[in-house]
Amino acid sequence: MTFSFSNLSLSGIEAAAGSSVLAPGKYVVTAKTAKVEDTKSGNGKVLKVMFSCKEGVISDNINVYNPSAEATKIGLEQLKSLLVNGGHPDPDNIGAHGVASIIGLTVGIVVGTDTYQGETRSKVKGYCKPEAVTKATGSSSPAAAPAPGSHASPPAVAARSYGSW
């Protein structure tokens, strides 16, 4: 049988639900992809992790190397929080296990918002144990997010410090 796009019929096929970016709140998510890429400036490395759950998707960009020692320190702290809270079997030695060992980790996340160049977007603000989310909400559905402009971090969550970059 030869395939011809002009003969393709989608009758009887249901459209897949689109993925939406997670709104502010707390969620239990699973890491679906993870890869290390050059930063936009080309002088650093960022770990890009895409998470999903039934409510939607979100990506996080974690600095793993940056000419700024402070940016690198913050990024490595974020990575360690992801690994520890996600139950990685050897979070102190992630290099020996490779980036692929992040895929499949289930972790709690706190989603907030960030404004960049006048656009407000959802952003991973911290990681926590999945139990902290389900205990607070009774499910993986979002818990109430902190009020906009609030800098308080929920308990048991590794909060981020973004510095001035």
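Predicted model: local features only at pLDDT ≥ 70, side-chain atom pairs only at ≥ 80, totals over all residues.
Gln-117 has a relative accessible area of 69%, so it counts as exposed, the cut-off being over 50%. It sits in the loop between β4 (106–116) and β5 (119–128). Check its backbone: phi is positive, about 50°, although Gln-117 is not a glycine. Most residues other than glycine have a negative phi.

Next, select Cys-128. Its relative accessible area is 0%, so this cysteine is buried.

Now show residues 45–53, strand β2, together with residues 56–65, strand β3. The two strands pair in the antiparallel sense, over nine bridges. A hairpin of two residues links β2 to β3. Pick Ser-52 and look across to β3: its bridge partner there is Val-57.

Move on to helix α1, residues 69–85.

Colour the buried residues of α1. Among them are Ala-71, Ile-74, Gln-78, Leu-79, Leu-82 and Leu-83. Thr-72, Gly-75, Ser-81 and Asn-85 are buried as well. An α-helix has 3.6 residues a turn, so residues three or four places apart point the same way.

Finish at Gly-87, which follows α1. Its phi is positive, near 75°.

Conventions. Residues numbered from 1 in each chain as written. Heavy atoms only, no water. Pairing = 2+ DSSP bridges. Helix = DSSP H or I, 4+ residues; strand = E, 2+ residues; numbered from the N terminus. Buried < 20%, exposed > 50% of the residue type's maximum accessible area, 1.4 Å probe, protein only. Expected span 1.5 Å × (residues − 1).
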